[in-house]
Amino acid sequence: MKDAFGLPQSLLVLGGTSEIALATARRLIARRTRTVWLAGRPSPGLDRAAEHLRGLGAEVRTVAFDALAPATHEGALGKVFAEGDVDMVLLAFGTLGDQAHDERDPAAAVRVAQTNYTGAVSSGLVCAGALQAQGHGSLVVLSSVAGERARRANFIYGSSKAGLDAFAQGLGDALYGTGVHVMVVRPGFVRTRMTASLPEAPLATTPEAVAAAVELGLRRRAETVWVPGALRVVMSALRHLPRAVFRRLPV
Ligand SMILES: NC(=O)c1ccc[n+]([C@@H]2O[C@H](COP(=O)([O-])OP(=O)(O)OC[C@H]3O[C@@H](n4cnc5c(N)ncnc54)[C@H](OP(=O)(O)O)[C@@H]3O)[C@@H](O)[C@H]2O)c1
């Protein structure tokens with residue numbers, strides 16, 4: 001069960017090698033999280049992540065999970081919930097793709113959309129159902145500011161995040177009053193391996209800052225979290241710019 005401050009004792013991460021997810025897990029383990037499930041594609045990286053968190057004192061298990069194989073989600077994630085209550089699910093998997101390449105390779109673009117959107121619809125619904133059956137828990141979804149308004153430079157990724165964001169908001173409304181809380185997290189540019197090859201954007205932040213914002217959001221039982229917080233105002237302005245102006249911005 002969560003403590004009086006809304007922090008989880010048990011955590012399930014979907015996308016178990018995500019740098020943002022692992023920074024969040026480290027932070028929560030330092031508070032009171034004792035059990036962690038890392039769901040992800042089997043790899044030495046996933047095993048290393050589990051070993052690292054074990055070293056911090058948590059009981060950590062891994063489970064094979066592929067966002068691109070929705071038919072397997074019920075079985076893989078059902079196994080986790082069958083082992084005991086999960087206080088928090090962190091939906092952290094995602095892929096940026098390569099916009100220039102993917103515009104010329106529709107199958108690759110579809111993989112971005114299927115990973116970030118339909119993979120999340122499927123696994124999100126499986127987890128939401130399990131949390132609802134428990135009667136408590138938080139589903140924390142890593143969306144992105146990229147979903148707020150599609151940009152020329154990354155509209156394939158951005159549109160998948162827009163779908164994910166809308167899905168998570170609707171799911172949060174559907175679960176309102178059930179004891180299950182859905183929190184949508186919208187980071188801007190975060191310095192991780194996902195963005196390592198990109199020029200740094202204004203207001204760039206770190207996985208640790210996202211982790212701190214997630215903790216604060218859980219304590220407040222927030223529905224939406226921007227990281228950094230200033231992006232809420234920036235995006236509100238950008239969202240309302242006329243297309244002809246927005247198109248010319250160097251974003
Ligand atoms: N970095 C940013 O600037 C930023 C900004 C806003 C939002 N976000 C979002 O935050 C989340 C975490 O990103 P991050 O920065 O921590 O990136 P990351 O370290 O590259 O993590 C991405 C994760 O997604 C997993 N993944 C990719 N495809 C998968 C699939 N088919 N099935 C299962 N797992 C899959 C990866 O697993 P493998 O180890 O198997 O590849 C990895 O665990 C993503 O949803 C991302 O879109 C990131």
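Student: Let's start with Arg221, then. Is Arg221 buried, partly exposed or exposed?

Tutor: Keep in mind that this is a predicted model. Buried means under 20% relative accessible area and exposed means over 50%. Arg221 has a relative accessible area of 43%, so it ends up as partly exposed.

Student: Where is Arg221 found, and what is its phi near?

Tutor: Look in the loop between H7 and S7, and you'll find Arg221 there. Arg221 isn't a glycine, yet its phi is positive, near 50°.

Student: Leu203 has a positive phi too, I hear. What is its relative accessible area?

Tutor: Leu203 lies in the loop between strand S6 (180-187) and helix H7 (207-220). Its phi is about 65°, although it is not a glycine. Leu203 is also partly exposed, and its relative accessible area is 39%.

Student: Which residues does the cis peptide bond join?

Tutor: Go to the loop between strand S7 (224-227) and helix H8 (231-239), where Pro228 is found. Omega is about -5° at the cis bond, and the two residues it joins are Val227 and Pro228.

Student: Why does Gly147 count as buried?

Tutor: First find Gly147 in the loop between strand S5 (137-142) and H6. The cut-off for buried is under 20% relative accessible area. Gly147 counts as buried because its relative accessibility is 15%.

Student: Which residues is Gly147 in contact with, leaving aside its neighbours within four places in sequence?

Tutor: Distance along the chain and distance in space are separate things here: Gly147 and Pro187 are 40 residues apart in sequence, with 10 Å between their C-alpha atoms. For contacts, set aside the neighbours within four places, and Gly147 is left with Gly158, Lys161 and Ala162.

Student: Now the ligand! Which residues are closest to it?

Tutor: There are 27 residues around the ligand. By class, that shell holds twelve nonpolar, ten polar and five charged residues. The closest are Thr17, Ser18, Tyr157, Val190 and Thr192.

Student: How much of the ligand's accessible area does the protein cover?

Tutor: On its own, the ligand has 890 Å² of accessible area.

Student: Which elements give two or more residues to the shell around the ligand?

Tutor: The protein has nine helices and seven strands to look through. Those that give two or more residues to the shell are helix H1 (19-31) and helix H6 (155-175).

Student: Stepping back, what radius of gyration does the protein have, and what would a compact globule have?

Tutor: The C-alpha trace spans about 50 × 35 × 35 Å along its principal axes. With 251 residues, a compact globule would be near 18 Å, and the protein agrees with that, at 17 Å.

Student: Last one: what percentage of the residues are buried?

Tutor: The accessible surface comes to about 11700 Å², and carbon and sulfur atoms hold 56% of it. Of the 251 residues, the buried part is 49%.

Methods. Residues are numbered from 1 along each chain as its sequence is written. This is a predicted model: local features need pLDDT of at least 70, side-chain atom pairs count only at pLDDT 80 or more; totals for chains, interfaces and linings use all residues. Side-chain values use heavy atoms; hydrogens and water are left out. A residue is near a molecule or strand if one of its heavy atoms lies within 4 Å of it. Accessible areas come from the Shrake-Rupley method with a 1.4 Å probe; for residues, only the protein chains shown count as cover. Helices (H or I, at least four residues) and strands (E, at least two) are DSSP runs, numbered from the N terminus. Ala, Val, Leu, Ile, Met, Phe, Trp, Tyr, Cys and Pro count as nonpolar, Asp, Glu, Lys and Arg as charged, and the others, Gly among them, as polar. The radius of gyration is taken over C-alpha atoms; the globule rule is 2.2 Å times the number of residues to the power 0.38. Buried means under 20% relative accessible area, exposed over 50%, partly exposed in between (1.4 Å probe, protein chains only). Contact means heavy atoms within 4.5 Å.
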